[in-house]
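Start with the contacts, then step back to the surroundings.

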Amino acid sequence: METFDALLASIAPVAGESRALVNPATGGVVGWAPVHTVEDLEGAVTAAVAAQPAWAALGHEARSAYLLKAATAVERSAEELAQLLSREQGKPLNGPNARFEVGACVAWLRAAATTPVIPETLVNDGETRAELHYRPIGVVGAIGPWNWPMMITIWQIAPALRMGNAVVVKPSEYTPLSVLALAKVLNEELPEGLLTVISGGRDVGARLAEHPAIGKIMFTGSTATGKAIIRSSAETVKRLTLELGGNDAGIVLPDADPKAIAQDLFWGAFINTGQTCAALKRLYVHEDIYDAVCEELTVVAKAMPMGDGLDENNVLGPLQNKAQYDIVANLVQAAKDAGARVLIGGDPDSSQPGYFYPTTLVADIDNSNPLVAEEQFGPALPIIRYSTIDEAIENANGLDVALGASVWSSDPTAAREVASRIQAGTVWINKHGAVDPRIPFGGAKQSGYGLEFGLEGLKHLGVPQIING
Ligand code: NAD
């Protein structure tokens, strides 16, 4: 379609206040975003309320056709979108990063469009005929984070639209351009008023969460904000899907092959430079193979280039913002102060521009160290030694958050047995964080509730209704 400059110009504010977004790799200005207010939000909600009934009346088949066209529009603009995402978020074009993220948007849109939603007959015994239907909710509010801004927006809006709802999106104030550009491309195909992005701050998010015309909030972000949304949505008894913070454990059993698993362990932890909700954030390794796993992971880590996202060679980038950089730096410092052994990294070069924190592996660290107990959300992985599987499972289950987890073993039966004892929304075996549009995903404990993806995910964007006759 259009060039990158044309895409950026098409989302630039035409009136009102605007705000510069800078590239976290260079400090250079990427573009300008509107500063939307609570009044702008009112306008978007009014438009959504007006557009929704006709959209709902189209039915599944016609809505799916729209979404498939929207997916093709994203595919057409994929390179321009990836360029913008890389500049604003910092993630490299290559590796499991910007181009991968835009590709995932297309895949999840198509999955949401093509998954059949058929009313279920619950009882049909000659006397009673009871059916379960899913009706549109109305207008859905989508509030997202800055780590995977395009993909997570699609995760929220594609099922919402498919199920007959209109959507108002409140992107993270760190990455509004990516979401504005994505919506611009989607809106080339969608009816007017159905999908609006309000590029505002926390006040706008808070208003969206309490707004009487919003029937549901899809929220992805921190556990603290999730709790604030529960509170502000209480008055109107909104439906909520909450995908919150995590601190995923991986457990490597003694029979695993360190060399064979090193690459997948690395990407499980360092995808998007560690800024991923369901990334591997604490690695528990049996003492028999502890040194070998540390060694193989260090070999892989050394080979992964980090730098400006627009350089085609890089597969790791900067932290997206200074606040996140400080969290990672302070946690690694706490580990060093406690006497943990840094295998690689841990020593940022502050003379360089950008929020780059080097790929860091920390061994011989205590389970109670803050780098283990708190979510680092960046490129620093603690590796904890264990002796018995009971000890590893107890430590893995020892936190209030429980999004994902993984078990690494050459024996699938043993791995499944361990998986069944782990408290987490998803337990992967010999991989970590591998989400799939066909497979539901959601958190346990304070990592949230509600499911996304697959038929279950679509059902969460509808109101169940029983017809009993
Ligand atoms: P955040 O909670 O700071 O912000 C997320 C969004 O909430 C932003 O758009 C923000 O403006 C908005 N917001 C802030 N206060 C609000 C309020 N009171 N009411 C309504 N909206 C409000 O999160 P973040 O720092 O952008 O993202 C990082 C966190 O997100 C990490 O903890 C990470 O684990 C989590 N995350 C979870 C998933 C998942 O699927 N479970 C995915 C990605 C990120």
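A backbone N or O atom of G221 lies 3.2 Å from an oxygen atom of the ligand. That is a polar contact (a pair of N or O atoms within 3.5 Å). L244 also uses a backbone N or O atom, 2.7 Å from a nitrogen atom of the ligand. E173 uses its side chain: an N or O atom there is 2.6 Å from a ligand oxygen atom.

This is a predicted model, where local features need pLDDT of at least 70, side-chain atom pairs count only at pLDDT 80 or more, and totals for chains, interfaces and linings use all residues. Residues are numbered from 1 along each chain as its sequence is written, and side-chain values use heavy atoms, leaving out hydrogens and water.

Now step back. How many residues surround the ligand? There are 29, each with a heavy atom within 4 Å of it. Among the closest are K170, S222 and E375.

Which domains supply this shell? Domain 1 (4-244 + 447-468) and domain 2 (248-429) both give residues, so the ligand lies between them. These bounds come from an automatic or database domain assignment.

Definitions and conventions: A polar contact is a pair of N or O atoms within 3.5 Å; within protein, one must be able to donate a hydrogen and the other to accept it, and residues adjacent in sequence count only if both atoms are side-chain atoms.
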